[in-house]
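Colleague: Could you take me through this model, one question at a time? I would like to start with the sheet.

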Amino acid sequence: MNMYHGAVMETRPPLNELLKTHFGYDTFRPLQREIMDAALVGRDVLSILPTGAGKSLCYQLPALARDGVTLVISPLIALMKDQVDQLTASGVAATFLNSTLDPQENRRRLEAIRAGEVRLVYLAPERLMSGDFLSVVKTWKVTALAVDEAHCISEWGHDFRPEYRRLRELRAALPGVPAIALTATATPRVREDILTQLGLREAAVFVASFNRPNLNYLVEPKQDAARRIVDFIRSRGQDSGIVYAQSRKRTEELAATLRHSGITAVCYHAGLESNERARNQEAFLRDEVRVVCATVAFGMGINKPDVRFVIHADLPKNIEGYYQETGRAGRDGLPADCLLLFSRGDVAKLIGFTDEIPDQEAREHARLQLNQMADFAESDVCRRISLMGYFGEKWPVENCDCCDNCLAPRESWDATTEAQKFLSCVLRVKQSGSPPVGIRHLSDILAGSRSEKILAKRHDQLSTYGVGKEHSAAKWAEIARQFARKGLIEIESGSFPTVTTTADGMAFLKERRAVSLTRLMASDKPAKAQRAGDIDCDMELFEILRAHRKQVADAAGVPPYVVFSDVALRHMARAYPTDDAAFLAIPGVGERKLAEYGPGFMAGISGFLETHDRRPFVPLDHFTPLPKLPKPAVNSTAQLSLEFWHTGKSIDEIAAERGLSVATIEGHLAQAIANGEPIDPRVFYTAEEEAEMRAALDGYNDVALKPVFDHLEGRISYGKLHVFRAFESRLAVV
């Protein structure tokens with residue numbers, strides 16, 4: 001075992017003191033302290049925290065509380081420099097090694113690492129695994145390993161990077177050194193892959209809520225997209241933002257349109273020369289331009305906390321990418337808007353791209369992800385319910401009061417007649433002896449199309465041909481997709497998705513039920529004025545402080561947020577601190593920043609107060625927070641089983657995928673049931689089995705179930721017995 005494994009210097013200050021001294025905060029964010037405690041006792045850790053939840057601090061602060069070097073694996077050079085700049089500004093000894101350094105500077109940094117002068121070293125996986133560099137790392141006093149953006153190790157993630165797979169070699173080269181893997185987005189399948197590929201041993205798994213309460217999600221139809229984007233950005237003062245588009249050409253066109261409209265903007269994509277990409281990114285980070293128009297090549301690890309909006313000019317390929325990209329807004333916790341412009345044309349274009357994927361399984365997976373993204377865009381339910389449901393998390397209320405569907409619910413209309421016509425059309429095609437067809441074909445039949453396909457299949461002879469001429473074929477297709485979301489029809493997966501009626505659809509026809517649908521989404525939906533994260537302040541003083549921050553940052557050659565975040569400036573513009581004690585009380589102000597920047601900022605505040613009165617402000621806890629999600633009802637490994645369960649997998653499928661026994665999975669679900677998870681007992685056992693177990697367990701209170709199992713002669717498994725007891729214990733509490 002590595003001699004430094006889990007070592008914590010007794011003489012080092014406690015975590016709370018280090019937090020305030022270096023980073024300027026008095027309290028930890030949710031799960032941060034638990035993650036750090038697990039890491040400091042030498043456990044491997046998997047941490048799933050949303051963007052802006054303070055992932056980096058989970059390995060940075062423990063690095064100050066233990067001896068030796070914390071090695072940080074990071075995928076991007078820009079991210080390394082940004083992190084090191086912020087740590088240095090906070091008085092933390094950190095460095096990076098990458099291709100941007102000249103040989104002399106590289107040697108100097110290596111000597112500082114060997115001399116024990118550095119606490120955190122940032123490396124890209126490619127550099128780590130090049131040549132014999134791993135043997136150099138083995139000579140360092142490495143006491144911890146941190147893998148940032150850990151989802152890159154999984155081919156099931158949205159940003160797979162093959163070089164991450166070689167990190168198993170690093171684990172083997174540093175036996176006994178504990179590792180922490182961190183990411184903002186990971187489905188249950190990706191989490192399991194991270195645990196396996198990194199060889200995390202009996203890892204402590206921490207999964208925070210995927211909710212970003214300060215983000216306002218808006219989806220609008222894509223109509224005159226360039227004009228809408230210009231208007232949206234103009235309405236947001238001098239706020240910074242990102243516009244994502246699918247193609248390089250489109251990013252360049254959008255950037256030119258914005259500049260022509262008086263909005264400073266640059267583009268960013270993989271086709272630009274590396275120097276131009278770096279210049280454009282730097283201009284955005286340093287507030288020299290307001291907007292960057294980019295492909296998905298831009299963004300991973302971008303640490304600019306004051307991005308106030310993210311616009312998707314084109315449909316993302318999957319929900320994970322959308323969540324990751326919108327997550328670059330509002331990292332500082334202040335309100336931010338996320339606008340998606342949606343059209344079915346984008347879906348058709350992306351389907352064409354997925355059809356070019358040679359591997360069938362990968363192609364079908366990409367098509368599934370695209371359909372999920374399109375369903376999210378067209379859905380009329382709360383955006384948070386849809387987003388968090390994708391990651392296996394339940395949103396506890398029906399209205400988040402912070403998305404377009406909750407702020408401006410769409411009007412409902414009676415679609416009973418349309419449902420009868422569409423479902424009847426599906427049945428008539430089947431009765432004609434034709435193989436199943438897709439939504440577009442059915443829509444053409446109802447609209448009375450004379451297309452070649454309709455005539456060739458003689459579908460113009462069906463009784464339902466032309467009975468829906470009151471709607472266009474495109475409108476029928478939109479209506480049909482809503483029927484699918486309501487469970488009346490099922491759209492098969494594959495290259496040529498076909499439509500079949502479900503049991504609910506047949507019941508609707510037989511019982512003549514009523515069906516209501518919602519109108520199509522509208523343009524220019526309202527954004528809520530007061531949202532989670534709002535910090536009311538003296539805006540005139542705030543702008544003065546922002547200008548001073550820019551001057552200080554330019555002189556130091558760093559982005560403005562490295563000096564102070566917008567959150568810190570807003571607190572200054574509320575509290576008007578003019579002495580050291582008051583300034584140190586501002587969130588984000590530590591001793592290093594007090595000494596280096598305090599005098600200049602306090603002088604600006606004092607000068608402002610000579611000609612302005614202090615304004616009173618409502619306490620920040622005045623606004624009712626969004627409801628807190630319940631804590632997980634099970635431990636970390638059982639949580640993964642529960643999340644797989646919520647994706648619709650059977651117990652046998654979960655057991656096979658996780659390499660565990662059926663009884664173990666049943667035990668995991670029993671934990672959740674005992675803690676209130678709403679699961680139907682009939683999934684596990686029949687009414688007859690329930691009666692038999694109740695009789696056998698009547699009056700039996702011992703923990704051991706072997707006597708009961710033996711009494712039932714093995715007819716009922718231990719897993720079912722555990723589940724039954726879990727249900728009974730829950731009823732007893734009630």
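Modeller: Happy to; what follows goes from the sheet to the cavities and then to a few loop residues. This is a predicted model, in which local features need pLDDT of at least 70, side-chain atom pairs count only at pLDDT 80 or more, and totals for chains, interfaces and linings use all residues. Residues are numbered from 1 along each chain as its sequence is written, and side-chain values use heavy atoms, with hydrogens and water left out.

Colleague: Which residue of E6 is the bridge partner of Ile48?
Modeller: Strand E1 (residues 45–48) pairs with strand E6 (residues 179–183) in the parallel sense, over 4 bridges. In E6, the partner of Ile48 is Thr183.

Colleague: And how many residues of E5 are buried?
Modeller: E5 pairs in parallel with E2 over 5 bridges, where Thr70 stands opposite Ala144. Another 3 bridges join E5 to E6, with Ala146 partnered by Ile180. Buried means under 20% relative accessible area, exposed over 50%, and partly exposed in between (1.4 Å probe, protein chains only). For E5, the buried count is 6 of its 6 residues.

Colleague: Which elements give two or more residues to the lining of the largest cavity?
Modeller: On a 1 Å grid over the protein atoms alone, a cavity is a set of points where a 1.4 Å probe fits but cannot get out, and lining residues have an atom within 4 Å of a point. Grid points are joined across faces, edges and corners, and a volume is the space filled by probe spheres set on the points; the largest cavity holds about 80 Å³. Its lining has 13 residues, with Ala39, Arg66, Ala144, Leu145 and Ile180 nearest the centre. The elements asked for are H3, E5 and E6.

Colleague: Is Glu713 buried or exposed?
Modeller: Glu713 lies in the loop between helix H32 (706–711) and helix H33 (718–733). Its phi is positive, about 55 degrees, although Glu713 is not a glycine. With a relative accessible area of 64%, Glu713 is exposed.

Colleague: What relative accessibility does Asp401 have?
Modeller: Asp401 sits in the loop between helix H16 (383–390) and helix H17 (404–407). Phi of Asp401 is near 60 degrees, a positive value in a residue other than glycine. Asp401 counts as partly exposed, at a relative accessibility of 34%.

Colleague: Last one: how far apart in space are Val683 and Ser650?
Modeller: Val683 belongs to the loop between helix H30 (662–674) and helix H31 (687–697). In sequence, Val683 and Ser650 are 33 residues apart. Their distance in space, C-alpha to C-alpha, is 9.5 Å.

Methods. Two strands pair if DSSP finds at least two bridges between them. On a 1 Å grid over the protein atoms alone, a cavity is a set of points where a 1.4 Å probe fits but cannot get out, and a pocket is an open set with protein on both sides within 12 Å along at least five of seven lines; lining residues have an atom within 4 Å of a point.
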